[in-house]
Number of protein chains: 2
Amino acid sequence: MKNSQNLLKNSPLKVTPQRLEILQTIQKNGHISIDDLYAHIKEKFPSISLATVYKNIHTLKDEGILLEIHPQDAKSHFEIKKEPHGHFICKKCGKIYDFEIKTSCNPNLSEISEIDESEVYLYGVCKECQ
Amino acid sequence: MKNSQNLLKNSPLKVTPQRLEILQTIQKNGHISIDDLYAHIKEKFPSISLATVYKNIHTLKDEGILLEIHPQDAKSHFEIKKEPHGHFICKKCGKIYDFEIKTSCNPNLSEISEIDESEVYLYGVCKECQ
DNA sequence: AATGTCAAGGATAAAAATTATTATTTAATG
DNA sequence: CATTAAATAATAATTTTTATCCTTGACATT
């Protein structure tokens with residue numbers, strides 16, 4: 001688990017307390033929505049602006065530090081970018097779980113085009129909610 | 001390819017000209033955003049309200065007639081629900097292509113939970129744009 | 001065909017979400 | 001520490017989506 005400071009140091013972005021807190025909050029939660037992120041950050045930086053959160057999220061996304069997740073029936077969530085993986089989303093509690101994708105058996109997709117990125121979402125009810 | 005009228009007749013929803021036009025437009029385009037849909041519909045029904053389009057899209061989605069697609073960096077698109085399949089999204093022209101998912105080789109995912117639904121997105125540059 | 005009922009449409013307002021603007025502050029650099 | 005570019009906060013503006021209210025239309029039954 002890379003620490004937040006290095007993520008920023010290895011980018012052209014400046015290291016600011018707000019950014020560190022944003023990254024640490026995301027890292028701690030795994031995946032988080034803008035709203036929840038804002039609520040958390042506000043505890044430490046009561047004066048932070050929602051616009052700052054939005055701007056930073058997008059800046060960090062553009063830098064390839066963050067990744068956006070689009071669950072059905074929920075707002076976008078964000079996570080620290082790491083190895084490619086899938087997301088399982090619980091329809092009851094909304095929790096998002098990562099899972100490994102075994103690429104050992106590739107369906108023949110390359111005929112369509114070169115693939116740069118991929119997203120895989122699975123939906124169901126997680127063990128805790130069953 | 002089911003016709004739009006039957007899709008509605010097999011649901012508790014009433015068959016209205018606006019709904020037929022919405023479904024036919026989606027069917028003709030394969031995948032479409034709310035904006036584009038609204039623009040198309042307006043040609044035939046100049047008086048239609050954007051709110052009506054929103055309302056119908058969500059009603060049809062709730063009935064399981066439509067499916068929402070969430071491309072990275074683009075607004076939601078909608079399609080007629082059919083057999084499960086993946087989506088390839090061209091990063092240049094934004095066009096969305098369907099592709100078949102071969103389920104013959106299943107990675108061991110069931111340990112997480114029962115899977116109800118899934119979404120698979122691939123991103124790259126399509127042949128036309130290369 | 002006429003009628004009654006309930007859902008759907010249109011217009012608009014309201015709410016929610018996102019982005020833009022500007023002045024001020026702060027991080028990084030020499 | 002002084003300079004410069006970038007980030008923040010505050011606010012306004014814009015965009016997107018949903019809710020409300022009233023009218024109209026679909027459709028089953030007569």
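Student: What makes the pair formed by B:Val15 and DNA strand D a polar contact?

Tutor: A polar contact is a pair of N or O atoms within 3.5 Å; within protein, one must be able to donate a hydrogen and the other to accept it, and residues adjacent in sequence count only if both atoms are side-chain atoms. A polar backbone atom of B:Val15 is 2.9 Å from a phosphate oxygen of DNA strand D, so the pair qualifies. This is a predicted model, in which local features need pLDDT of at least 70 and side-chain atom pairs pLDDT 80 or more, while totals for chains, interfaces and linings use all residues. Residues are numbered from 1 along each chain as written, chains are lettered from A and ligands numbered from 1 in written order, and side-chain values use heavy atoms, without hydrogens and water.

Student: Which part of A:Arg19 meets a phosphate oxygen of DNA strand D?

Tutor: The side chain of A:Arg19 does, with an N or O atom at 3.0 Å.

Student: How many residues surround DNA strand D?

Tutor: There are 20, and A:Thr16, A:Lys55, B:Val15, B:Tyr54 and B:His58 are the closest. Near means a heavy atom within 4 Å. Sugar and phosphate make up 75% of the DNA strand D atoms that come within 4 Å of the protein.

Student: Why are strands S1 and S2 of chain B placed at the edges?

Tutor: The open antiparallel sheet has the order S1-S3-S2. S1 (32-33) and S2 (66-69) each have a single partner strand, so one side of each lacks a neighbour in the sheet. Strands are DSSP runs (E, at least two residues), numbered from the N terminus, and two pair if DSSP finds at least two bridges. S1(B) and S3(B) (77-80) have 2 bridges, and therefore pair.

How values were computed:
Helix = DSSP H or I, 4+ residues; strand = E, 2+ residues; numbered from the N terminus.
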